[in-house]
Amino acid sequence: MTDKSKGFTRRQILVSSAASLAVGAAASAKAATVAGTPGWIPFDHNGPMHYDTPGWQFFTAEEAREVEAIVERLIPADDLSVSGKDAGCAVFIDRQLAGEYGTFARLYREGPFTPGTPAQADQSPLVPQERYRIGLAALGKYCQAQFQKPFSGLEGEQRDKVLTDLEKGAITLEGIDAQFFFQQVLGNTMEGFFADPIYGGNRDMVSWKMIGFPGARYDYRDYIALHNQKLDLVPLSIIGSSAWNKKG
Amino acid sequence: MKTTLSLCAGLLALSLGTANAASGGDSYNLVQKGRYLATLGDCTACHTQPGKPLFAGGVSIDTPFGKLVGANITPDPETGIGGWSFEDFQNVMSKGHAPGDKRLYGAMPYTAYTKVSREDNQAIWAYLQTVQPVHNPVETNLLPFPFNLRSSLIAWNLLNFEEGEFKPDAKKSEQWNRGAYLVQGLGHCGTCHTPKSLTGGDKNDAFLAGADLQGWVAPNITADPHAGIGAWSVEEIVQYLKTGANRFDIASGPMAEAVEHSTQHWKDEDLMAVAVYLKDDPRTDWPKPVEPLAADSPAMVAGKAIYADRCSACHVGSGEGIAHLFPKLAKAPLVNAADTASLIRVVLAGSRAGGTEAAPTAPAMPSFAWNLSDENIADVLTYVRNSWGNSASPVSSAEVTDLRDSLNER
Amino acid sequence: MATPKKLPATDVVVVGLGWAGSIIAKELADEGLNVMGFERGPWRDTAVDFNLASATDELRYNRRQELMLRTKQNTCTMRNTPAETALPMRDWGSFHPGNGTGGAGNHWAGITFRFQPTEFRLASYLQERYGKEVPAELTLQDWGTTWEEMEPHYDAFERLAGVSGKAGNLNGTVVEGGNPFEGARSREYPNPPTAQTYAPTLFAEAARNLGYKPFPVPSALASQAYTNQYGVTMGPCTFCGFCTNYGCANYSKASAIVNVLPALIRKPNFTAKTNAEVLKVTLDSTGKKATGIIYVDANGDQFEQPAEIVVVAAFIFENVRLMLLSGVGQPYDPVTNTGTTGRNYAYQTANSVRMFFDDKNFNPFIGGGAIGMGIDEFNNDNFDHAGLGFVGGGSTRVTPIGAAPIDSRPVPPGTPAWGSQWKKATVENYASSMSIGCEASSYSKRTNYLSLDPNYTDPHGRPLLRITFDFPENDLRMAEYCTNKVAEIAKSMNPRAFFPSPRKGPWANTSYQSSHIVGGFIMGADPKNSSVNKHLQVWGVPNLFVVGSSAFPQNPGYNPTGTVGALAFKAADAIRRLYLKRPGEMISV
């Protein structure tokens, strides 16, 4: 991998946009001016933003332990797959929160914030980083009060009960709506389980193998006419495929 | 439409000015002829910077010996060629001698231009007189010592230069001779496509057999059916030069520029003549292709998988490609070339094909340097070079590593 | 704010370099005019932005919406009724506006229908056929143009985008295998239909058995290599299943960046300004002539670009907002029913029936946004509405767009959302479920409109656009009726279970429905109730043209892009053929 900085892997927008090359040439008006077929900048590639560095990027060790305890119940280990924890869902969430998703950097965040109608969708003033920080602390407080243990200290079935209560809104959390917090974590967990492994979850393409999704393939011309047949294709991720390794 | 009207008026004035600028009754025709010849010679490639005034010079040219810069050839008396006579120009074209006993470097392809007829040079000269003079001093020689000493060129010329206008071959057709004149002369195809000796001169026994060029390969364009373009028909050669693409290949890198600036503007009959000449090669003892690698060798197996996952969606599983969009890899000269630099380079860094009026798409090969390891690239190229009728030496991951390093340094 | 720096004048300014803007810019540049195109997003390049190895990224493109306009840069506020306070759409849910050259046409599905002949005089037609039965809540209008005037431009757009399909009506003769309900077309589609996966094939068989006439969905995903009238070449679709919401890595999904811009950007009389957001259209003191635009670049510096002709061809929301911000036309007032800018805002009524099978494997990951089969028996006025209590209908079809699994893992209603039961159901149903969609009409009503929001502003301090919208009763009744018809087909396919989802109110931003948003600056024959004439020329400001789905007075049961493209060709044709010869109002009333 090239262009590493701070664990981030992606070329800067300024470098990667062909149009921006012309910025200097158009000194009179600083919007990028494109005239003529843009030339090719060697290696130019607007790639996925992801972390190669080990260790938790956003979560504290304690938060990470709690999130792992949640995702391993949301996606339990069974004969179909490893658990959400072992699939890397907590690592995925950690990386997402450390990146621009964590602060909703792309989104409209101007106030006033008011709850609005259900049709007006998510109007929470909290960004994902805050949702986790507040929600995990509140969940910890609830579990301490109820069971004198952190969530991660509970038995599996006890944890399921707490999660079910969060989902139903049968629990009140301090500082954040329980159902809202639950849906946030569930949504991100599923993203982590099913997203490309380049983002830290779905280790070894475990979920794709489980459901028979062949992943990042780009050419099904040889397969489209094979109706109602199981294809058993080797899954491929953005990172690559086991079939690329040389044998012998 | 005020601005549109003024635009039209401007164009009219410009063309009138052009017609008046040259002297003599036939000057208009002579200038038009010269303009076309200058296009054949692709003078802008070295003498016009993109977005800058025509022929004002300043284009930097990398040579194995260092940097040279294209001169200002506008009629500006101080910084251009405004003080020259036609004989001065004729000397440059035919001998590589500029006024003041200045010997030019071989990057100005006078070794080819020496073949240009005096009559054609007169037309080019007439045209150059009509270009807007631009005051733009250009230091053409940025070579390091000792190559910066122009006196060193006396010896170079003795080794590498044979002066003299093109002599038609009476045994060949007029069309063939026109093609030979263009390829050897103004078209200066050999400047890129003929391998160079240690001193940078053309190895004329290997005329057009392909050469390494600024991190690209100018492929073999002889009639060699395996390594050259022997499989291309006359029409396919014309189509390539006219549009930048045919069913075998799409021009990219320096050739894309040559097509865009020069060959797409050539007359069809000239392109046809070039094709007829290129196809009629007296050499027949082409090197025998190597045996293709066994399909079950480890690199071929891995390469096939990588090809299916990263290449087939464009180049098609059979290596046939898509005309005008994705180059055909099966039996392509570049794919079978001994020198793998261009192949490795396009996979690593990507490349944009040239666009032309007739085929403006200018599709690009994406960069895979971020996604494929050196070994992956070596394996997939080995697979491509040994499938669908191709046969060529395997690519080693060390070759990829070397090119990756050298490209990253640029 | 400092006075914007005034730049040298040009002939034509085009705002937005998606489908409509790119087409018009190309056509007018071909006419020899000096054209400048302005795009608020970046320049997009297939190989750079949609690298084949990373284009297949569901998290990035489908979930995080990287190709879509950042709401931070610009969004809308929304409410269902005029009585509510509108709140900003902080994340796109209901629809997906695009960003950068190519616009939403990069991440579109590629379904390229023509509207039917009666659509262009819908209000008159329905009145003639049903009289007082047409629900009074609807504010339907005629387009002020005709099928005959539209057909050549539909043809031009189909050639441009290399649409793959099968004619159903060639010059008045109904053709077997095509859509028998389409208007008479002058030519066959430029490319044959695409290959089909199992689900649409099965659906077509079931529909045929019920007496319907299935046809291949007209697709701007090329079925074979194709070179269009601008000389640009597309590759064949490879059915990768990363299509809707993604950019195409192999030049096989038509878009402005594939099919138009390569030919346009070469032209010496065209320049594109990217990352340049147009703030307003400037008018002279009479208000009857556009003098150019003001734009802001990425540094926040403002410039004035004077021009002889201004073409506004952004996404519908920005078209309407620019007109409101520039004071073009009278803002629409639902109370007094006066004004034209913002009126007749409509949407699309998306319905579906989901089916679960035991014995089928659909390989749902194979597909594309416009790979599929459809029927039109329940669309628009293709069936008799007498006594039904509603008008309109929908395009019924099966289009497997791909099945990247963060979002595409259907399980029957009632399945737990997590835990072992959830996982088991997910695995069981992933490959054996399919859905029939019904993309239905959305008709305008008086209280559905666009206006400037009084509370929320964009980063330049300009008011956001406010959407006031909810589905008319008419449309909800139509949704119920049509979805039941679709369910009959589903039932005949003998699934283990099937679940109809007719669209219900209220309209919400919680889940994706469709990016087919129309109206607000509509075309018509009368300046009292429309904003542009049939040449897309603004009434009263003859050198200003506003092009896009903003011109639709209501939305039929079809995807809009084919008509947006046709209107772009139509406007360009009028400018070339009529306006340049005699600048001024092309239609006088």
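1. In chain C, strand E4 (residues 76-79) and strand E21 (residues 463-468) run parallel and are joined by 4 bridges, where two strands are said to pair if DSSP finds at least two bridges between them. Helices (H or I, at least four residues) and strands (E, at least two) are DSSP runs, numbered from the N terminus. Within this pairing, Thr77(C) has Arg466(C) as its bridge partner in E21(C).

2. A word on the basis of these remarks: this is a predicted model, in which local features need pLDDT of at least 70 and side-chain atom pairs count only at pLDDT 80 or more, while totals for chains, interfaces and linings use all residues. Residues are numbered from 1 along each chain as its sequence is written, and chains are lettered from A and ligands numbered from 1 in the order in which they are written.

3. E4(C) also pairs with E5(C), here in the antiparallel sense and over 2 bridges, and in that strand Pro88(C) stands opposite Thr77(C). In a regular strand the side chains alternate between the two faces of the sheet. In E4(C), Cys76(C) and Met78(C) point one way, Thr77(C) and Arg79(C) point the other way, and all are buried; a residue is buried if 20 or more other C-beta atoms lie within 10 Å of its own, exposed if 12 or fewer, and partly exposed in between, with C-beta atoms placed from the backbone.

4. Elsewhere in chain C, Phe215(C) belongs to strand E8 (residues 215-216) and counts as buried because it has 26 C-beta neighbours inside 10 Å. Not counting residues up to four places away in sequence, Phe215(C) touches Lys166(C), Gly168(C), Gly177(C), Gly178(C), Asn179(C), Met373(C) and Gly374(C), contact being taken to require that the C-beta atoms of two residues, placed from the backbone, lie within 7 Å.

5. Where chain C meets chain A, the contact takes 75 residues from chain C and 69 residues from chain A. On the side of chain C that touches chain A, several elements each supply at least two residues, including helix H2 (46-49), helix H6 (198-209) and strand E11 (270-274), but H10(C) gives the most, with 6 residues. Strand E3 (residues 32-34) of chain A pairs with E11(C) in the antiparallel sense over 3 bridges, and the bridge partner of Thr33(A) in E11(C) is Lys273(C).

6. In chain B, helix H8 (residues 174-184) and helix H12 (residues 268-279) pack at an angle of about 90 degrees, with their axes 7 Å apart; axes are lines fitted to C-alpha atoms, for helices over the stretch in contact, and angles run from 0 to 180 degrees between N-to-C directions. H8(B) is therefore roughly perpendicular to H12(B), given that angles under 35 degrees count as roughly parallel, over 145 as roughly antiparallel, 65 to 115 as roughly perpendicular and the rest as oblique. Among the residues that meet are Trp176(B) and Leu182(B) in H8(B), and Val274(B) and Tyr277(B) in H12(B).

7. The UniProt annotation "binding site", from an unreviewed entry, covers Cys189(B), Cys192(B) and His193(B); such annotations may be inferred rather than shown by experiment, positions are given in the numbering used here, and feature names are shortened. Cys189(B) lies in the loop between H8 and helix H9 (190-193) of chain B, is buried with 21 other C-beta atoms within 10 Å, and touches Val183(B) and Leu208(B), not counting residues up to four places away in sequence. Cys192(B) is found in helix H9 of chain B and counts as buried because it has 22 C-beta neighbours inside 10 Å.
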